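Please look over the sequence and the structure shown here, and then read the briefing that follows.

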Protein chains: 2
Amino acid sequence: MSPRAGLDTHTLVLAAAEIADEQGIEEVTLAALAARLGVRSPSLYNHINGLQGLRSLLAVHGLELLNAAIAAASGGLKGDAAVYAMGQAYVDFARKHPGLYETTLRAPEEGNSELERASEQVLTLIIGLLSCYELDAEGELHAVRGLRSLLHGFAALENKGAFGMPLDTNISLNWLISTFIAGIRSMSSSTGTGQ
Amino acid sequence: MSPRAGLDTHTLVLAAAEIADEQGIEEVTLAALAARLGVRSPSLYNHINGLQGLRSLLAVHGLELLNAAIAAASGGLKGDAAVYAMGQAYVDFARKHPGLYETTLRAPEEGNSELERASEQVLTLIIGLLSCYELDAEGELHAVRGLRSLLHGFAALENKGAFGMPLDTNISLNWLISTFIAGIRSMSSSTGTGQ
DNA sequence: TTGAAAAACTAACTATATTAGTTTATATTA
DNA sequence: TAATATAAACTAATATAGTTAGTTTTTCAA
(Lines give C-alpha, C1' and ligand atoms only; values in the text may rest on other atoms or scores of the structure.)
Protein backbone atom coordinates (compact mmCIF):
# COMPACT_ATOMS: atom_id res chain seq x y z
CA MET A 1 0.00 0.00 0.00
CA SER A 2 2.70 2.42 0.87
CA PRO A 3 6.13 0.97 0.37
CA ARG A 4 7.74 4.26 -0.63
CA ALA A 5 6.59 5.63 -3.92
CA GLY A 6 10.09 6.89 -4.67
CA LEU A 7 9.07 10.42 -5.46
CA ASP A 8 11.29 13.42 -5.68
CA THR A 9 10.83 17.07 -6.48
CA HIS A 10 11.64 16.71 -10.15
CA THR A 11 9.11 13.93 -10.65
CA LEU A 12 6.44 16.09 -9.06
CA VAL A 13 7.26 19.04 -11.30
CA LEU A 14 7.17 16.88 -14.44
CA ALA A 15 3.82 15.37 -13.49
CA ALA A 16 2.39 18.80 -12.62
CA ALA A 17 3.57 20.13 -15.98
CA GLU A 18 1.72 17.32 -17.71
CA ILE A 19 -1.48 18.16 -15.89
CA ALA A 20 -1.04 21.83 -16.75
CA ASP A 21 -0.59 21.10 -20.45
CA GLU A 22 -3.25 18.43 -20.72
CA GLN A 23 -5.99 19.82 -18.53
CA GLY A 24 -5.14 23.45 -17.97
CA ILE A 25 -3.47 25.37 -15.23
CA GLU A 26 -6.60 25.43 -13.05
CA GLU A 27 -6.45 21.68 -12.71
CA VAL A 28 -3.00 21.68 -11.20
CA THR A 29 -4.05 20.89 -7.66
CA LEU A 30 -2.21 18.95 -5.01
CA ALA A 31 -5.13 16.55 -4.94
CA ALA A 32 -4.90 15.84 -8.67
CA LEU A 33 -1.13 15.61 -8.57
CA ALA A 34 -1.19 13.20 -5.63
CA ALA A 35 -3.82 11.06 -7.35
CA ARG A 36 -1.73 10.88 -10.51
CA LEU A 37 1.31 9.82 -8.53
CA GLY A 38 -0.59 7.26 -6.46
CA VAL A 39 -0.01 9.02 -3.19
CA ARG A 40 -1.95 11.05 -0.60
CA SER A 41 -1.67 14.79 -0.93
CA PRO A 42 0.06 15.47 2.39
CA SER A 43 2.91 13.26 1.18
CA LEU A 44 3.73 15.86 -1.46
CA TYR A 45 4.90 18.20 1.27
CA ASN A 46 8.00 16.09 1.66
CA HIS A 47 9.15 17.33 -1.73
CA ILE A 48 7.55 20.71 -2.32
CA ASN A 49 6.61 23.73 -0.31
CA GLY A 50 2.86 23.55 -0.80
CA LEU A 51 0.97 24.64 -3.88
CA GLN A 52 2.74 27.98 -4.08
CA GLY A 53 6.08 26.25 -3.98
CA LEU A 54 5.02 23.89 -6.74
CA ARG A 55 3.95 26.83 -8.89
CA SER A 56 7.29 28.50 -8.44
CA LEU A 57 9.08 25.34 -9.46
CA LEU A 58 6.79 25.00 -12.47
CA ALA A 59 7.62 28.54 -13.54
CA VAL A 60 11.34 27.89 -13.33
CA HIS A 61 10.99 24.60 -15.18
CA GLY A 62 8.93 26.26 -17.89
CA LEU A 63 11.43 29.06 -18.32
CA GLU A 64 14.27 26.59 -18.60
CA LEU A 65 12.48 24.55 -21.26
CA LEU A 66 11.53 27.73 -23.08
CA ASN A 67 15.09 28.94 -22.98
CA ALA A 68 16.37 25.62 -24.26
CA ALA A 69 13.85 25.68 -27.11
CA ILE A 70 14.64 29.18 -28.31
CA ALA A 71 18.37 28.67 -27.85
CA ALA A 72 18.29 25.50 -29.93
CA ALA A 73 16.24 27.14 -32.64
CA SER A 74 18.33 30.29 -32.97
CA GLY A 75 21.72 28.79 -32.21
CA GLY A 76 24.18 29.19 -35.06
CA LEU A 77 21.96 31.69 -36.84
CA LYS A 78 22.56 35.41 -37.12
CA GLY A 79 20.60 38.52 -37.97
CA ASP A 80 17.01 38.36 -39.10
CA ALA A 81 17.06 34.60 -39.51
CA ALA A 82 17.93 34.15 -35.85
CA VAL A 83 15.10 36.44 -34.77
CA TYR A 84 12.56 34.61 -36.93
CA ALA A 85 13.71 31.24 -35.64
CA MET A 86 13.61 32.39 -32.03
CA GLY A 87 10.15 33.90 -32.41
CA GLN A 88 8.79 30.81 -34.08
CA ALA A 89 10.28 28.59 -31.39
CA TYR A 90 8.91 30.81 -28.66
CA VAL A 91 5.36 30.59 -29.97
CA ASP A 92 5.72 26.90 -30.75
CA PHE A 93 6.74 26.28 -27.17
CA ALA A 94 3.63 28.05 -25.95
CA ARG A 95 1.57 25.90 -28.32
CA LYS A 96 3.09 22.62 -27.19
CA HIS A 97 3.07 23.59 -23.53
CA PRO A 98 0.14 25.93 -23.04
CA GLY A 99 -0.19 25.29 -19.33
CA LEU A 100 3.49 25.30 -18.55
CA TYR A 101 3.99 28.45 -20.57
CA GLU A 102 1.25 30.14 -18.61
CA THR A 103 2.91 29.32 -15.30
CA THR A 104 5.99 31.13 -16.52
CA LEU A 105 4.31 34.49 -16.06
CA ARG A 106 2.12 33.67 -13.11
CA ALA A 107 4.51 33.49 -10.21
CA PRO A 108 5.49 36.63 -8.32
CA GLU A 109 9.21 37.16 -8.48
CA GLU A 110 9.83 38.44 -4.99
CA GLY A 111 13.29 37.33 -4.10
CA ASN A 112 13.09 34.00 -5.90
CA SER A 113 16.62 33.79 -7.19
CA GLU A 114 16.05 30.63 -9.23
CA LEU A 115 13.15 32.25 -11.03
CA GLU A 116 15.08 35.43 -11.60
CA ARG A 117 18.01 33.49 -13.01
CA ALA A 118 15.78 31.54 -15.39
CA SER A 119 14.01 34.73 -16.47
CA GLU A 120 17.29 36.48 -17.08
CA GLN A 121 18.51 33.59 -19.18
CA VAL A 122 15.69 34.12 -21.65
CA LEU A 123 16.16 37.86 -21.55
CA THR A 124 19.88 37.59 -22.24
CA LEU A 125 19.30 35.38 -25.23
CA ILE A 126 16.85 37.85 -26.76
CA ILE A 127 19.20 40.76 -26.14
CA GLY A 128 21.92 38.86 -27.93
CA LEU A 129 19.76 38.42 -31.00
CA LEU A 130 19.12 42.14 -31.22
CA SER A 131 22.73 43.19 -31.05
CA CYS A 132 23.12 42.98 -34.82
CA TYR A 133 20.74 45.89 -35.31
CA GLU A 134 23.24 48.25 -33.71
CA LEU A 135 20.82 50.07 -31.46
CA ASP A 136 22.02 52.35 -28.71
CA ALA A 137 21.55 51.19 -25.14
CA GLU A 138 18.15 52.78 -24.78
CA GLY A 139 16.94 51.59 -28.13
CA GLU A 140 18.03 48.10 -27.28
CA LEU A 141 15.95 48.15 -24.11
CA HIS A 142 12.89 49.31 -26.01
CA ALA A 143 13.47 46.65 -28.62
CA VAL A 144 13.76 43.85 -26.07
CA ARG A 145 10.62 44.98 -24.31
CA GLY A 146 8.90 45.24 -27.66
CA LEU A 147 9.91 41.84 -28.94
CA ARG A 148 8.96 40.14 -25.71
CA SER A 149 5.61 41.94 -25.67
CA LEU A 150 4.83 40.97 -29.19
CA LEU A 151 5.75 37.32 -28.74
CA HIS A 152 4.02 36.93 -25.41
CA GLY A 153 0.93 38.71 -26.63
CA PHE A 154 0.75 36.60 -29.75
CA ALA A 155 1.26 33.37 -27.83
CA ALA A 156 -1.27 34.29 -25.17
CA LEU A 157 -3.98 35.42 -27.58
CA GLU A 158 -3.49 32.39 -29.79
CA ASN A 159 -3.71 30.05 -26.79
CA LYS A 160 -6.91 31.71 -25.63
CA GLY A 161 -8.38 31.19 -29.06
CA ALA A 162 -8.68 34.94 -29.49
CA PHE A 163 -7.70 34.75 -33.16
CA GLY A 164 -10.40 33.41 -35.42
CA MET A 165 -9.78 30.44 -37.63
CA PRO A 166 -9.70 31.68 -41.19
CA LEU A 167 -6.09 32.66 -41.70
CA ASP A 168 -3.04 30.66 -40.71
CA THR A 169 -1.54 32.08 -37.56
CA ASN A 170 2.00 31.15 -38.58
CA ILE A 171 1.76 33.58 -41.43
CA SER A 172 0.54 36.23 -39.03
CA LEU A 173 3.46 35.56 -36.73
CA ASN A 174 5.98 35.88 -39.53
CA TRP A 175 4.24 39.01 -40.74
CA LEU A 176 4.49 40.48 -37.26
CA ILE A 177 8.16 39.69 -36.84
CA SER A 178 8.98 41.09 -40.29
CA THR A 179 7.03 44.23 -39.51
CA PHE A 180 8.91 44.61 -36.25
CA ILE A 181 12.29 44.17 -37.91
CA ALA A 182 11.37 46.49 -40.76
CA GLY A 183 10.24 49.04 -38.19
CA ILE A 184 13.53 48.88 -36.34
CA ARG A 185 15.44 49.38 -39.60
CA SER A 186 13.35 52.26 -40.81
CA MET A 187 13.32 54.00 -37.43
CA SER A 188 16.97 53.82 -36.48
CA SER A 189 19.39 55.94 -38.47
CA SER A 190 21.73 53.00 -38.28
CA THR A 191 22.04 50.92 -41.42
CA GLY A 192 21.93 47.70 -39.45
CA THR A 193 23.71 44.54 -40.37
CA GLY A 194 20.91 42.05 -39.84
CA GLN A 195 21.07 39.15 -42.27
CA MET B 1 -30.03 41.11 10.07
CA SER B 2 -31.45 40.26 6.73
CA PRO B 3 -34.03 42.77 5.60
CA ARG B 4 -33.12 42.54 1.91
CA ALA B 5 -29.73 43.83 1.04
CA GLY B 6 -31.05 45.19 -2.23
CA LEU B 7 -28.44 43.55 -4.40
CA ASP B 8 -28.54 43.08 -8.13
CA THR B 9 -26.26 41.61 -10.74
CA HIS B 10 -24.62 44.90 -11.62
CA THR B 11 -23.75 45.66 -8.00
CA LEU B 12 -22.11 42.27 -7.68
CA VAL B 13 -20.06 42.76 -10.81
CA LEU B 14 -18.86 46.21 -9.69
CA ALA B 15 -17.87 44.90 -6.27
CA ALA B 16 -16.11 41.91 -7.80
CA ALA B 17 -14.22 44.22 -10.15
CA GLU B 18 -13.01 46.24 -7.18
CA ILE B 19 -11.72 43.12 -5.47
CA ALA B 20 -10.00 42.06 -8.67
CA ASP B 21 -8.25 45.39 -9.08
CA GLU B 22 -7.39 45.91 -5.42
CA GLN B 23 -6.41 42.43 -4.35
CA GLY B 24 -5.84 40.48 -7.52
CA ILE B 25 -7.90 38.08 -9.53
CA GLU B 26 -7.20 35.16 -7.20
CA GLU B 27 -9.03 36.90 -4.41
CA VAL B 28 -12.28 37.17 -6.34
CA THR B 29 -14.14 34.47 -4.43
CA LEU B 30 -17.81 34.22 -3.66
CA ALA B 31 -16.90 34.22 0.02
CA ALA B 32 -14.98 37.49 -0.25
CA LEU B 33 -17.64 39.06 -2.43
CA ALA B 34 -20.44 38.07 -0.07
CA ALA B 35 -18.49 39.41 2.91
CA ARG B 36 -17.93 42.73 1.17
CA LEU B 37 -21.63 43.02 0.40
CA GLY B 38 -22.71 41.98 3.90
CA VAL B 39 -24.45 38.83 2.77
CA ARG B 40 -23.98 35.06 2.91
CA SER B 41 -22.46 33.50 -0.14
CA PRO B 42 -25.43 31.34 -1.17
CA SER B 43 -27.43 34.56 -1.51
CA LEU B 44 -25.26 35.55 -4.45
CA TYR B 45 -26.82 32.76 -6.49
CA ASN B 46 -29.97 34.82 -6.76
CA HIS B 47 -28.06 37.21 -9.03
CA ILE B 48 -25.25 35.26 -10.67
CA ASN B 49 -24.70 31.81 -12.00
CA GLY B 50 -21.99 30.74 -9.60
CA LEU B 51 -18.34 31.72 -9.75
CA GLN B 52 -18.05 30.87 -13.45
CA GLY B 53 -21.01 33.05 -14.22
CA LEU B 54 -19.51 35.91 -12.26
CA ARG B 55 -16.26 35.56 -14.18
CA SER B 56 -18.09 35.72 -17.47
CA LEU B 57 -19.90 38.86 -16.40
CA LEU B 58 -16.62 40.36 -15.24
CA ALA B 59 -15.06 39.66 -18.62
CA VAL B 60 -17.92 41.36 -20.44
CA HIS B 61 -17.84 44.32 -18.08
CA GLY B 62 -14.08 44.64 -18.51
CA LEU B 63 -14.34 44.52 -22.28
CA GLU B 64 -17.04 47.18 -22.27
CA LEU B 65 -14.98 49.51 -20.09
CA LEU B 66 -11.93 48.83 -22.22
CA ASN B 67 -13.86 49.56 -25.36
CA ALA B 68 -15.23 52.79 -23.91
CA ALA B 69 -11.73 53.87 -22.89
CA ILE B 70 -10.08 53.26 -26.24
CA ALA B 71 -13.05 54.69 -28.13
CA ALA B 72 -12.96 57.87 -26.07
CA ALA B 73 -9.22 58.23 -26.51
CA SER B 74 -9.12 57.68 -30.26
CA GLY B 75 -12.45 59.26 -31.14
CA GLY B 76 -12.11 62.15 -33.51
CA LEU B 77 -8.51 61.31 -34.33
CA LYS B 78 -7.24 59.83 -37.57
CA GLY B 79 -4.18 58.05 -38.82
CA ASP B 80 -1.13 57.51 -36.64
CA ALA B 81 -2.42 59.82 -33.91
CA ALA B 82 -5.50 57.65 -33.45
CA VAL B 83 -3.40 54.51 -33.19
CA TYR B 84 -1.08 56.05 -30.60
CA ALA B 85 -4.00 57.31 -28.55
CA MET B 86 -5.77 53.98 -28.68
CA GLY B 87 -2.63 52.07 -27.71
CA GLN B 88 -1.91 54.39 -24.83
CA ALA B 89 -5.49 54.14 -23.60
CA TYR B 90 -5.42 50.36 -23.91
CA VAL B 91 -2.34 50.03 -21.74
CA ASP B 92 -3.56 52.70 -19.33
CA PHE B 93 -6.75 50.74 -18.86
CA ALA B 94 -4.76 47.64 -17.98
CA ARG B 95 -2.76 49.72 -15.51
CA LYS B 96 -5.78 51.17 -13.78
CA HIS B 97 -7.72 47.92 -13.82
CA PRO B 98 -5.14 45.13 -13.64
CA GLY B 99 -7.54 42.56 -12.28
CA LEU B 100 -10.46 43.44 -14.47
CA TYR B 101 -8.24 43.54 -17.55
CA GLU B 102 -7.00 40.07 -16.72
CA THR B 103 -10.52 38.70 -16.58
CA THR B 104 -11.17 39.82 -20.14
CA LEU B 105 -8.88 37.10 -21.45
CA ARG B 106 -9.67 34.43 -18.92
CA ALA B 107 -13.14 33.31 -19.78
CA PRO B 108 -13.75 30.66 -22.40
CA GLU B 109 -15.87 32.01 -25.21
CA GLU B 110 -17.99 28.97 -25.91
CA GLY B 111 -21.27 30.30 -27.10
CA ASN B 112 -21.36 33.29 -24.79
CA SER B 113 -22.93 35.80 -27.09
CA GLU B 114 -22.54 38.75 -24.73
CA LEU B 115 -18.84 38.08 -24.44
CA GLU B 116 -18.48 37.62 -28.17
CA ARG B 117 -20.28 40.88 -28.82
CA ALA B 118 -18.08 42.79 -26.37
CA SER B 119 -14.95 41.22 -27.84
CA GLU B 120 -16.04 42.06 -31.34
CA GLN B 121 -16.66 45.66 -30.33
CA VAL B 122 -13.01 46.09 -29.40
CA LEU B 123 -11.90 44.26 -32.50
CA THR B 124 -14.03 46.41 -34.76
CA LEU B 125 -12.63 49.58 -33.29
CA ILE B 126 -9.06 48.44 -33.88
CA ILE B 127 -9.84 47.41 -37.43
CA GLY B 128 -11.25 50.85 -38.07
CA LEU B 129 -8.05 52.50 -36.92
CA LEU B 130 -6.01 50.46 -39.35
CA SER B 131 -8.08 51.26 -42.40
CA CYS B 132 -6.03 54.35 -43.19
CA TYR B 133 -2.99 52.24 -43.97
CA GLU B 134 -4.70 50.81 -47.02
CA LEU B 135 -3.80 47.21 -46.44
CA ASP B 136 -5.41 44.43 -48.41
CA ALA B 137 -7.84 42.16 -46.56
CA GLU B 138 -5.19 39.68 -45.57
CA GLY B 139 -2.73 42.35 -44.51
CA GLU B 140 -5.39 43.96 -42.41
CA LEU B 141 -6.01 40.71 -40.56
CA HIS B 142 -2.31 40.30 -39.85
CA ALA B 143 -2.11 43.89 -38.70
CA VAL B 144 -5.04 43.54 -36.30
CA ARG B 145 -3.62 40.38 -34.84
CA GLY B 146 -0.26 42.08 -34.57
CA LEU B 147 -1.47 45.22 -32.89
CA ARG B 148 -3.58 43.28 -30.41
CA SER B 149 -0.66 40.96 -29.64
CA LEU B 150 1.69 43.81 -29.06
CA LEU B 151 -0.67 45.75 -26.83
CA HIS B 152 -1.79 42.76 -24.82
CA GLY B 153 1.76 41.50 -24.43
CA PHE B 154 2.98 44.88 -23.30
CA ALA B 155 0.14 45.33 -20.84
CA ALA B 156 0.50 41.83 -19.44
CA LEU B 157 4.27 41.97 -19.02
CA GLU B 158 4.14 45.39 -17.46
CA ASN B 159 1.44 44.30 -15.01
CA LYS B 160 3.48 41.28 -14.01
CA GLY B 161 6.43 43.52 -13.33
CA ALA B 162 8.40 41.77 -16.04
CA PHE B 163 10.00 44.99 -17.21
CA GLY B 164 12.70 46.31 -14.91
CA MET B 165 12.49 49.77 -13.46
CA PRO B 166 15.20 51.86 -15.12
CA LEU B 167 13.50 53.19 -18.21
CA ASP B 168 10.04 54.71 -18.45
CA THR B 169 7.65 52.19 -19.91
CA ASN B 170 5.55 54.86 -21.62
CA ILE B 171 8.51 55.66 -23.83
CA SER B 172 8.86 51.97 -24.61
CA LEU B 173 5.21 51.75 -25.53
CA ASN B 174 5.42 54.70 -27.88
CA TRP B 175 8.61 53.29 -29.36
CA LEU B 176 6.83 49.99 -29.97
CA ILE B 177 3.83 51.58 -31.62
CA SER B 178 6.02 53.77 -33.84
CA THR B 179 8.06 50.76 -34.81
CA PHE B 180 4.93 48.85 -35.69
CA ILE B 181 3.57 51.70 -37.80
CA ALA B 182 6.91 52.25 -39.49
CA GLY B 183 7.05 48.55 -40.21
CA ILE B 184 3.64 48.55 -41.83
CA ARG B 185 4.63 51.50 -44.01
CA SER B 186 7.92 50.07 -45.10
CA MET B 187 6.50 46.61 -45.77
CA SER B 188 3.44 47.46 -47.76
CA SER B 189 3.96 48.84 -51.23
CA SER B 190 1.10 51.19 -50.45
CA THR B 191 2.02 54.75 -49.65
CA GLY B 192 -0.46 54.90 -46.79
CA THR B 193 -2.31 57.99 -45.73
CA GLY B 194 -1.79 57.75 -41.99
CA GLN B 195 -1.26 61.28 -40.62
C1' DT C 1 -55.76 41.66 2.49
C1' DT C 2 -54.11 37.92 0.46
C1' DG C 3 -51.02 35.47 -2.41
C1' DA C 4 -47.07 34.96 -5.46
C1' DA C 5 -42.38 35.85 -6.49
C1' DA C 6 -37.98 37.05 -5.29
C1' DA C 7 -34.28 37.54 -2.05
C1' DA C 8 -32.30 36.48 1.74
C1' DC C 9 -31.23 32.72 5.09
C1' DT C 10 -29.50 28.02 7.41
C1' DA C 11 -27.87 23.47 6.89
C1' DA C 12 -25.35 20.23 4.60
C1' DC C 13 -22.07 18.22 1.18
C1' DT C 14 -17.91 18.13 -1.60
C1' DA C 15 -13.38 19.41 -2.62
C1' DT C 16 -9.05 21.49 -1.59
C1' DA C 17 -4.92 23.00 1.05
C1' DT C 18 -2.58 22.52 5.04
C1' DT C 19 -0.81 21.05 9.73
C1' DA C 20 0.21 17.71 13.34
C1' DG C 21 1.45 13.61 14.67
C1' DT C 22 2.35 8.57 13.49
C1' DT C 23 4.15 4.63 11.10
C1' DT C 24 7.43 2.52 8.20
C1' DA C 25 10.90 1.85 4.87
C1' DT C 26 15.57 2.93 3.80
C1' DA C 27 20.13 4.18 4.79
C1' DT C 28 23.78 4.88 8.00
C1' DT C 29 26.55 3.60 11.56
C1' DA C 30 28.23 1.08 15.60
C1' DT D 1 24.81 -7.83 11.38
C1' DA D 2 22.09 -5.16 14.46
C1' DA D 3 20.73 -0.77 16.02
C1' DT D 4 19.46 3.63 15.01
C1' DA D 5 18.52 7.82 12.60
C1' DT D 6 16.36 9.98 8.69
C1' DA D 7 13.21 10.63 5.39
C1' DA D 8 8.97 9.36 3.13
C1' DA D 9 4.87 7.87 3.35
C1' DC D 10 0.53 7.65 6.13
C1' DT D 11 -3.97 8.99 9.01
C1' DA D 12 -6.58 12.38 11.27
C1' DA D 13 -8.20 16.81 11.70
C1' DT D 14 -8.97 21.82 10.57
C1' DA D 15 -10.15 25.78 7.66
C1' DT D 16 -11.90 27.72 3.54
C1' DA D 17 -14.52 27.64 -0.91
C1' DG D 18 -18.22 26.49 -3.97
C1' DT D 19 -22.54 24.64 -4.43
C1' DT D 20 -27.30 22.66 -3.65
C1' DA D 21 -31.59 22.04 -1.15
C1' DG D 22 -34.90 23.64 1.43
C1' DT D 23 -36.80 27.44 4.52
C1' DT D 24 -38.03 31.98 6.01
C1' DT D 25 -39.13 36.57 5.03
C1' DT D 26 -39.74 40.60 2.54
C1' DT D 27 -41.90 42.95 -1.10
C1' DC D 28 -45.03 43.76 -4.69
C1' DA D 29 -49.22 43.06 -7.09
C1' DA D 30 -53.80 41.46 -7.61
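**Briefing on the predicted model**

B:A73 touches B:A85, B:M86, B:Q88 and B:A89 when residues up to four places away in sequence are left out, where touching, or being in contact, means that the C-beta atoms of two residues, placed from the backbone, lie within 7 Å. This is a predicted model, in which local features need pLDDT of at least 70 and side-chain atom pairs count only at pLDDT 80 or more, while totals for chains, interfaces and linings use all residues. Residues are numbered from 1 along each chain as its sequence is written, and chains are lettered from A and ligands numbered from 1 in the order in which they are written.

**Surroundings of B:A73**

- B:A73 has its place in helix α3 (residues 50–74) of chain B, where helices (H or I, at least four residues) and strands (E, at least two) are DSSP runs numbered from the N terminus.
- B:A73 counts as partly exposed because it has 19 C-beta neighbours inside 10 Å; a residue is buried if 20 or more other C-beta atoms lie within 10 Å of its own, exposed if 12 or fewer, and partly exposed in between, with C-beta atoms placed from the backbone.
- Between B:A73 and B:E114, which are 41 residues apart along the chain, the C-alpha atoms are separated by 24 Å.

**Chain A as a whole**

- Chain A has eight helices and zero strands, and its C-alpha atoms fill a box of roughly 70 × 40 × 30 Å, taken along the principal axes.
- Of the 195 residues of chain A, 36% count as buried.
- When contacts in chain A between residues at least 6 apart in sequence are considered, 68% of them join residues at least 24 apart.

**Annotated region of chain A**

- An unreviewed UniProt entry carries the annotation "DNA-binding region" for residues 29–48 of chain A; UniProt positions are given in the numbering used here, feature names are shortened, and annotations may be inferred rather than shown by experiment.

**Packing of α1 and α3 within chain A**

- Helix α1 (residues 9–23) and helix α3 (residues 50–74) of chain A pack at an angle of about 80°, with their axes 10 Å apart; axes are lines fitted to C-alpha atoms, for helices over the stretch in contact, and angles run from 0 to 180 degrees between N-to-C directions.
- α1(A) and α3(A) are therefore roughly perpendicular to each other, a description that applies to angles of 65 to 115 degrees, whereas angles under 35 degrees count as roughly parallel, over 145 as roughly antiparallel and the rest as oblique.
- From α1(A), the residues A:T9, A:L12, A:V13, A:A16, A:A17 and A:A20 meet A:L54, A:L57, A:L58 and A:H61 in α3(A).
- The contact of α1(A) with α3(A) comprises eight nonpolar, two polar and no charged residues, where Ala, Val, Leu, Ile, Met, Phe, Trp, Tyr, Cys and Pro count as nonpolar, Asp, Glu, Lys and Arg as charged, and the others, Gly among them, as polar.

**Contact between chains A and B**

- In this model, 31 residues of chain A are in contact with 31 residues of chain B.
- On the side of chain A that touches chain B, the elements giving two or more residues are α7 (137–159) and α8 (169–187) of chain A, and α7(A) gives the most, with 14 residues.
- α8(A) packs against helix α7 (residues 137–159) of chain B at an angle of about 70°, with the axes 9 Å apart, and that makes α8(A) roughly perpendicular to α7(B).
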